[in-house]
Amino acid sequence: SDRDPGPAVSWLYDIVRGSIDFSSASQLIQFLELIRKDDSIQIVKSKNRFHKPTLSGYRDWNLQFQISSQDGTKHICELQLHHKNIKELDKELGSHKYYEFFRKYYAGSTHTLEERMEDLRQICEGGELNVKFLREVVENPLEKERMYRLSDLFLRHVNDYQFALVIANATGKKLEPDEQEENSVLFSYIGEVLLHQGRMEEAMAMYSRALEIQEELFGDNHLQTAIAYNNLGDVLKCQGNIAESMEMYQKTLDIELQQLGEDHPSIAMSYNNIAGVLKCHSKLNDALENYRKALDIQLKVLDENHESTAMTYNNLGDVYDSLGRREKAMEMYQRTLDIDMRVLGKDHPHTAIAYNDVGDVLKGHLRLEEAMKMYETALDIQQKALGDDHPSLAVTFSNMGGVLELQKKLDDAMAMYRKTLDIDLKALGEDHPHTALTYGNIGDVLASQDKSDEALEWYEKARELQHV
């Protein structure tokens with residue numbers, strides 16, 4: 001407010017933004033000279049990133065300049081001046097996503113940035129993981145804020161869930177039993193890591209312990225309790241306990257509506273969760289309505305290019321696909337993939353989900369070679385990020401088996417379904433709906449191979465689970 005000229009709002013630089021591509025540096029310099037000589041344009045700020053490139057190495061020239069409209073109102077706009085060859089190379093190498101990653105990771109105060117730089121320096125030595133340092137951290141934990149930060153680095157940025165879990169468990173050594181609220185936070189965090197690993201029973205145990213503490217400390221109408229209900233709903237849904245998960249999600253939504261109002265990102269997430277349960281009950285139009293409610297909120301309070309918005313586009317794609325509206329589904333899935341690539345990068349598990357979903361639509365159109373390429377890309381990401389036994393890999397192997405089955409490559413399809421079943425039994429257990437689906441898929445292949453008796457055995461296994 002103390003800036004001159006005008007109030008602080010007039011110093012918003014880039015609400016209106018444009019860009020120009022130049023084929024040579026001399027053309028760019030000539031344009032700058034024209035701008036400088038124009039009396040109607042006042043340059044407010046000039047940033048020469050050819051001299052000082054961004055973290056990703058990208059180079060351009062940014063101008064913020066003030067222009068006057070006919071009624072005398074002044075506006076500050078941004079103009080980005082690009083060298084055509086550099087811009088094309090940036091697109092080819094995908095360097096902007098690395099810039100976005102580091103900008104997000106280093107967001108915050110200078111002190112926060114210094115702390116995160118120190119974390120990275122400690123865990124990486126010569127470009128490799130510093131196992132000695134991590135072992136010392138586990139045996140002799142640092143202050144709990146630092147331990148959470150290290151664990152979160154592995155969970156959300158490195159996608160190494162086992163290291164995240166080991167560090168999180170070690171954090172418990174810094175807590176006393178009577179520190180109830182701190183312990184509930186830790187239980188919830190460990191539950192989240194376990195859920196990422198597909199260890200459902202252990203995740204349920206952690207989340208249940210957190211809920212007990214939240215209800216004791218805050219009662220059953222507090223936002224912290226709502227988070228605990230939501231976490232339990234996530235595990236119950238993954239376990240196939242659909243009715244119980246709906247109960248948890250509805251409790252969460254009721255509390256959030258009372259405490260937050262209608263236009264909050266958490267409300268959008270609850271609508272997403274409830275829609276997911278409705279979809280499981282084949283109430284597709286009701287699911288669509290709730291996903292649209294979620295998207296309306298996210299576009300209003302977040303951004304088109306936000307990972308939560310990407311998730312909702314993905315969920316809408318699932319419903320449209322189930323309704324047989326494949327073109328609309330493809331549109332939603334492509335939006336999801338575009339956002340995930342920009343925001344999360346090409347090696348993130350959520351990006352793998354988007355590749356899987358695009359593959360599903362292509363498979364529905366019998367574009368089988370293209371579908372298989374999507375699934376193979378998803379599998380490559382998942383194996384690097386999640387290991388070989390995560391439930392997400394079971395989904396991808398199953399999808400690949402479906403393509404091979406349609407191509408009449410029955411032995412190869414059976415091999416994929418066997419890989420799927422191994423993960424299902426290990427990560428989800430014998431009673432999970434996805435295990436039943438895999439039994440049915442194996443039965444289909446056996447039937448196609450004229451092995452009727454064996455096929456019936458597998459169909460019976462699937463039927464028994466579906467009945468349960």
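Biologist: How far apart in helix α11 are lysine 251 and glutamate 247?
Modeller: This is a predicted model, and in it lysine 251 and glutamate 247 are four residues apart in helix α11 (residues 242-260), so about one helical turn separates them. The two form a salt bridge, with the closest N and O atoms 3.9 Å apart.

Biologist: Is glutamate 247 buried, exposed or partly exposed, and what is its relative accessibility?
Modeller: Glutamate 247 counts as partly exposed at 44% relative accessibility, and lysine 251 is partly exposed too, with a relative accessible area of 32%.

Biologist: How many salt bridges does the count come to?
Modeller: The count comes to 13 salt bridges. One of them joins the side chains of arginine 49 and aspartate 60 at 2.7 Å, N to O. Both residues lie in the loop between β2 (42-48) and β3 (61-68), so the pair ties together parts that are eleven residues apart in sequence.

Biologist: And that pair, buried or exposed?
Modeller: Arginine 49 is buried, with a relative accessible area of 14%, and aspartate 60 is buried as well, at 1%.

Biologist: Switching topic, what do the buried residues of α17 pack against?
Modeller: They pack against α7 (161-171), α16 (349-364) and α18 (391-406), and among those buried residues are Leu368, Met372, Tyr375 and Leu386. Helix α17 itself (residues 368-386) has 19 residues and reaches 26 Å from its first C-alpha to its last, close to the 27 Å expected.

Biologist: What comes just after α17?
Modeller: Just after α17 there is glycine 387, which takes a positive phi of about 90 degrees.

How values were computed
Residues numbered from 1 in each chain as written. Predicted model: local features only at pLDDT ≥ 70, side-chain atom pairs only at ≥ 80, totals over all residues. Heavy atoms only, no water. Helix = DSSP H or I, 4+ residues; strand = E, 2+ residues; numbered from the N terminus. Expected span 1.5 Å × (residues − 1). Buried < 20%, exposed > 50% of the residue type's maximum accessible area, 1.4 Å probe, protein only. Contact = heavy atoms within 4.5 Å. Salt bridge = Lys/Arg side-chain N within 4 Å of Asp/Glu carboxyl O.
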